[in-house]
Protein chains: 2
Amino acid sequence: VSPTTVSHVFSGHRPVSPGTRQHVEDVARRLGYRPSAVARSLRSRRTDTILIVVPDITNSFYPELVRGLQDSVAPSGYYAMVGNTDAEEANERALLELAMSRRVDGIVFHGFRTGPADLAAVAEAGIAVVNLGEGAAGAAIDSVRFDDRLAAAEATGFLLAKYGRSIAMIDGDEVAPVGRDRRLGFEGACRDGRVRRPRVEVTEFTRAGGRRGMERLLGRGKRPRAVLCANDMIALGAIDVLKARGLRIPDDVAVVGHDDVDAATIVSPPLTTTRTDARQLGALAGEMLVTRMTGEYRGKARHQVAAHQLVVRDSA
Amino acid sequence: VSPTTVSHVFSGHRPVSPGTRQHVEDVARRLGYRPSAVARSLRSRRTDTILIVVPDITNSFYPELVRGLQDSVAPSGYYAMVGNTDAEEANERALLELAMSRRVDGIVFHGFRTGPADLAAVAEAGIAVVNLGEGAAGAAIDSVRFDDRLAAAEATGFLLAKYGRSIAMIDGDEVAPVGRDRRLGFEGACRDGRVRRPRVEVTEFTRAGGRRGMERLLGRGKRPRAVLCANDMIALGAIDVLKARGLRIPDDVAVVGHDDVDAATIVSPPLTTTRTDARQLGALAGEMLVTRMTGEYRGKARHQVAAHQLVVRDSA
């Protein structure tokens with residue numbers, strides 16, 4: 001048979017007689033032939049693979065997000081791979097390059113050091129893009145995000161009303177949108193509450209970062225009555241330090257987190273935090289990405305804001 | 001210039017005069033040309049990408065393992081992608097197919113429903129393979145694992161010595177090697193300790209599974225004095241139920257986990273558990289994989305067993 005016939009058998013793009021198909025498949029099996037997905041994807045320009053890029057896979061918010069995304073794209077035949085960046089620019093750029101070089105059909109991106117402008121080049125290369133953050137004007141980049149600034153302002157307002165103006169924040173990053181927006185929300189609510197120069201310690205979005213931040217807050221100046229932590233990992237580290245020093249939570253220091261990860265209900269006292277549904281965010285991103293990849297939607301960029309909610313438990 | 005010259009400019013495989021290189025690069029930039037990694041990888045058969053396959057990315061043991069692997073392969077220029085299977089056979093097979101179709105250079109695999117025999121086909125297709133579990137006789141499949149059976153036997157011996165023969169186990173899976181081996185270790189230690197027919201509840205390796213298992217243990221028969229949980233997620237769920245019923249840990253029921261995830265020191269009381277260093281396991285797997293991918297090692301299969309250690313905290 002001709003190479004074209006063999007190709008038709010394996011691609012399924014053209015009908016082949018049952019006898020010929022059987023013969024080709026038998027020979028292929030005997031030779032151990034396996035169609036190369038790389039060669040196939042070169043021709044069809046489809047890989048059936050998408051990439052989700054996250055800053056820290058050990059923060060359980062992100063595995064939940066990945067699960068939501070996977071569950072949402074799987075029925076359409078796509079498989080989601082995860083890339084972890086450690087919030088480092090070089091890693092973010094390497095993964096954007098990987099997406100642009102057409103090894104995947106789409107990308108869901110949470111950048112700390114790169115943003116919509118960098119994603120525009122990926123979208124222009126014909127890759128479907130969903131940014132977990134702000135959208136970019138002009139580019140066909142869909143986005144879905146939480147309103148981090150509003151959420152932080154609400155949590156700060158709750159602390160001010162309950163514990164007064166002796167308030168501080170431990171933030172995880174000054175540059176990344178999530179760190180910047182949560183700080184802006186905190187500072188805005190402090191201004192509204194007439195708090196003069198509230199203390200902000202910037203560390204990183206990890207339990208170790210939370211420990212460092214709380215050590216610094218307790219190391220100098222007056223002990224704050226309430227501390228807003230920019231995520232739950234930070235709050236868990238802050239609680240480690242308070243417990244080690246014999247301080248009571250919330251009687252001596254109240255603590256609020258952000259995300260509502262699983263550990264928020266494992267820690268004692270259970271953590272008051274802003275619930276942001278990571279699985280739902282992943283599902284929303286997946287839905288937008290699939291409609292772009294299939295061509296079902298070809299219009300201008302869509303921007304969604306997912307809901308958040310303050311969950312009051314015992315830590316504040 | 002000829003297509004061959006353009007190819008030489010971008011592949012870097014042959015020298016091209018500086019003037020010609022500059023000209024080609026200028027034109028390419030003006031046209032927005034980007035070398036296709038898919039086409040390149042078809043020719044060079046290198047993707048610089050490896051795949052790590054895990055059963056449950058929301059169990060924080062696995063993100064830590066991924067971090068250990070990434071840190072270990074990055075210096076050699078490889079990037080690790082993560083695939084999550086939900087411990088489902090179809091997903092495991094889909095990811096093995098993906099590896100075989102040469103979209104990655106190597107695979108680190110933790111299978112619940114497939115095993116060394118299935119990996120043999122991947123290795124024969126020329127893909128570097130490290131199995132997180134037992135090795136396969138005859139195939140060039142490196143493996144690295146913990147001695148789950150021994151670890152469970154040791155933890156069981158600790159509970160028997162401290163709390164007597166009223167002991168039970170909550171396991172996460174009857175078929176997967178990790179579930180089977182931990183149960184064998186538990187039952188062997190029970191035989192040695194002359195415990196007649198110890199109770200074993202099989203659920204799944206999650207916090208929800210642990211809740212179900214503990215509900216069942218408390219729902220009928222005599223309440224066990226000590227419970228061995230097949231991983232920390234199960235132990236966290238078991239503790240949820242004990243607390244909800246007002247039972248004291250360890251005074252009424254002692255609980256031991258397995259893995260030493262971050263949450264083991266967040267929960268109250270802190271969890272007695274077997275520490276298995278997920279990052280170290282990932283690093284060992286990465287080192288073996290890299291030496292296979294680079295061709296530095298071409299010998300027969302290597303099998304490593306990583307160390308574990310019982311960490312006694314307050315839950316038992």
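A: The sulfur of B:Cys229 lies 14 Å from the closest cysteine sulfur, that of B:Cys190, which is too far for a bond. A disulfide is a covalent bond between the sulfur atoms of two cysteines; here it is counted when a pair of cysteine sulfur atoms is within 2.5 Å. Over all chains, the structure holds zero disulfides. B:Cys229 is also buried, at a relative accessible area of 2% (buried is under 20%, exposed over 50%, partly exposed in between, with a 1.4 Å probe and protein chains only).

This is a predicted model, in which local features need pLDDT of at least 70 and side-chain atom pairs count only at pLDDT 80 or more, while totals for chains, interfaces and linings use all residues; side-chain values use heavy atoms, without hydrogens and water. Residues are numbered from 1 along each chain as its sequence is written, and chains are lettered from A and ligands numbered from 1 in the order in which they are written.

Next comes the sheet. In chain B, six strands form an open, mixed sheet in the order S7-S6-S8-S9-S10-S12. Strands (E, at least two residues) and helices (H or I, at least four) are DSSP runs, numbered from the N terminus, and two strands pair if DSSP finds at least two bridges between them. Strand S7 (199-202) and strand S12 (308-311) of chain B each have a single partner strand, so one side of each has no neighbour in the sheet. From one strand to the next, the twist averages 15°.

Helix H10 (residues 232-244) of chain B lies across S6, S8, S9 and S10 of chain B, at about 155° to S9(B). Angles run from 0 to 180 degrees between N-to-C directions, and axes are lines fitted to C-alpha atoms, for helices over the stretch in contact.

After S12 of chain B comes a segment that includes B:Ser315, which is buried at 0% relative accessibility. A polar atom of the B:Ser315 side chain lies 2.8 Å from the backbone nitrogen of B:Thr272. Setting aside neighbours within four places in sequence, B:Ser315 is in contact with residues including B:Ile249, B:Ala254, B:Pro270 and B:Thr272 (contact means heavy atoms within 4.5 Å).

Terms used:
Polar contact = N/O pair within 3.5 Å; in protein donor to acceptor, adjacent residues only side chain to side chain.
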